[in-house]
Amino acid sequence: MAEQSKSSTENKTQLDHVIYSRDVVHKHSKATQNILNLCIDYIDYCKRAFQEGKEVIWTSGMGTDSSLFYSLGIIPASFTEIGRLCSADAVVLAEDFFQVPNETCAMVKSDLGEFYLQRGTIANRLFYSSKACEPYNVAFQLIEDYGYDVHVMDVGFGPKKASQERIDNIKKHYKDEYIKAIEWAAPGRYDPEKLRTELVFYNKIQRKIRTIFNLRAYHPTYIGSLPMMLLLMGNAHYFGKPLEYEATLDRLIEELSDLKPGEYHDEKAILCWSGARGQEFNIFEAIDEAGGAVLSWNIPNNTVHEFNTEIDPIDALVEFELGDLISGTSENASRYIIKDMEKYNATGVIFYAYLGCSFATIDIELKRKYFKEHNIPGLSLIGSFDVGAVTGQVTTRVRAFVEMLAKQRKESKTA
């Protein structure tokens, strides 16, 4: 794939935006450039690894999946990323070939189309937790007819209020499902100490990312909102290269620590991003160019929740899945978001969901209502996973929202 930087106004695809961010916006930061390179190469790397005979399994790339499969000597390829930098053909194919309704989540359609288009050249095993997304449950049944071995971890959300007996039964069921997944993926290869080592590594990575958060608060313009989102995207699967990902985080910490007070600290309207890991990359550029900076993040792969490495490793996976309040109810998540916004002096929140995702749109409405009650400005965006630039109307709304917050920030300082 040929790479060539364009001007910001010429960027048409997600890949264009990543390359422009690497070659133009972040020429000053080798660490940021490497994060962007890891992102660009991730799915191709997983594809090459499979073709070289290495074990690769498609997973969500979030939560417990990656740590589990790394411990089994398997590279986790995130199915949520297979369509992020690819062509628009996948969505069209899903609608025409599979007859997926137009109103279905574009992310699911994009992934379904890519799995069909790339069959035979990519890993053919896929692990999926049924609790995440009902359209994915159906989509992955469809690809089983085209040479894919799909293993579904049959679990659900834990109830908000339940008896101790019910909670114990849920935990036992989760543990049984993990054991089944291990036997499907790598019969006889499970080593609890290898899994524990991966859980320790995961916790270490999250702490380093939080260190970057804290340093970036003093230098918010050193790394833009887009590469920061992409950095977070790899917080569990590490773009298939754990040691290189960790070394890149270390280098970014070093770069930020070496900055002098006041460097890369232009006055900014500080924002929180809540919801999906946006696909329309020029939204992030619009935020930065309008005088904003996203310092607070509430996305599916959060960096706050860690594994309990003192208990049985499989029990730790269960506790992680059932104890993550940030990814739990909208009320719990909203309380955390407000607390995190206060930490970074964020004054507004952008809620983002993909078109056709009924869960996310309802979740956004619940959070929007909660934030309105707390007098915190919010902007709701419904985006698409289709490849291509976002409409001018959306970027206009984003710029207006950020400029409003910037004006309020300036007025509060002069009052």
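Lys 241 is placed over the face of Tyr 45, at 4.9 Å from the ring centre; a charge counts as over a ring if NZ of Lys or CZ of Arg is within 6 Å of the ring centre and within 35 degrees of the ring normal. Arg 119 lies over the face of Tyr 116, with 3.9 Å to the ring centre. The model is predicted: local features need pLDDT of at least 70 and side-chain atom pairs count only at pLDDT 80 or more, while totals for chains, interfaces and linings use all residues. Residues are numbered from 1 along each chain as its sequence is written, and side-chain values use heavy atoms, with hydrogens and water left out.

A search of the whole structure gives 30 aromatic pairs, in which rings of Phe, Tyr and Trp (its six-membered ring) have centres within 6.5 Å; planes under 30 degrees apart count as stacked, over 60 as edge-to-face and the rest as tilted. The ring centres of Tyr 128 and Phe 140 are 5.2 Å apart and the planes are at 70 degrees, so this pair is edge-to-face. Tyr 128 belongs to strand β3 (residues 125-129) and Phe 140 to helix α6 (residues 134-143), 12 residues apart; helices (H or I, at least four residues) and strands (E, at least two) are DSSP runs, numbered from the N terminus. Tyr 128 and Phe 140 are buried, that is, under 20% relative accessible area (1.4 Å probe, protein chains only). The rings of Phe 239 and Tyr 245 have centres 5.9 Å apart and planes at 55 degrees, so that pair is tilted. Phe 239 and Tyr 245 are both buried.

Terms used. Buried < 20%, exposed > 50% of the residue type's maximum accessible area, 1.4 Å probe, protein only.
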